[in-house]
Structure formats: C-alpha cells, structure tokens
Amino acid sequence: SWSVVHVAPKGWNVPYTAGYVDLADNVRVFAHIVGTDAESLSMDMPVTLTTAILGDADGAPVESYAFTPSRD
C-alpha cells in the first residue's frame, strides 16, 4: 500500500510517496518510494533498495533509504 503525502514537517520535500514494502522472512518496512509517480505503482511490483534525499534539516540534506521500482 502507498500514499502521496502533501503536508510534512518543515524542510521535507513534498509531495512524496510513502508506502509499505514486504521483504523476505515476513519483514515489512515503511519507506519513501522514489523514481516514479504514484499512478505508475501497482501492488506486488518489484522494487529495489536505494537512497534518496528526503529534505533538509538545519541546512543539511537528510538522506535515507528508499525504494524505487525495479527496471527488470
């Protein structure tokens, strides 16, 4: 599942897409989905782990893990 977020704390890049990604061994993580628009997402589509700049905190970029649709 995913959602497009339009309101966030000061310094965050909006809008952004966030959603749940199911990993092996029944692990589910909540993360940003980058590299595509929400209309292109579909349930159970394969994704790849990446990093992304999510915003700015006190003048420094905030970088974290994210997922992007796989190009396979």
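**Sheet layout and strand pairing**

Two bridges link strand S3 (residues 27-33) to S5, and the two strands pair in the parallel sense. This is a predicted model. S3 and S5 belong to an open sheet of five strands. Pairing in that sheet is mixed.

**Sheet architecture**
- The strands follow the order S1-S2-S3-S5-S4 across the sheet.
- Strand S1 (2-5) and strand S4 (47-57) form the edges, and each pairs on one side only.
- From one strand to the next, the twist averages 35°.

**S5 and its two partners**
- In the strand order, S5 stands between S3 and S4.
- On the S4 side, strand S5 (residues 60-69) runs antiparallel to S4, and ten bridges join the pair.
- On the S3 side, the pairing with S5 is parallel and spans two bridges.

**Residues facing each other across strands**
- Phe 67 in S5 has Leu 49 opposite.
- Ile 33 also stands opposite Phe 67 in S5.
- Thr 68 in S5 is set opposite Thr 48.

**The S4-S5 hairpin**
- Two residues lie between S4 and S5 in their hairpin.
- Asp 58 in this hairpin adopts a positive phi near 55°.

Note on methods:
Residues are numbered from 1 along each chain as its sequence is written. This is a predicted model: local features need pLDDT of at least 70, side-chain atom pairs count only at pLDDT 80 or more; totals for chains, interfaces and linings use all residues. Side-chain values use heavy atoms; hydrogens and water are left out. Two strands pair if DSSP finds at least two bridges between them. Helices (H or I, at least four residues) and strands (E, at least two) are DSSP runs, numbered from the N terminus. Axes are lines fitted to C-alpha atoms, for helices over the stretch in contact, and angles run from 0 to 180 degrees between N-to-C directions.
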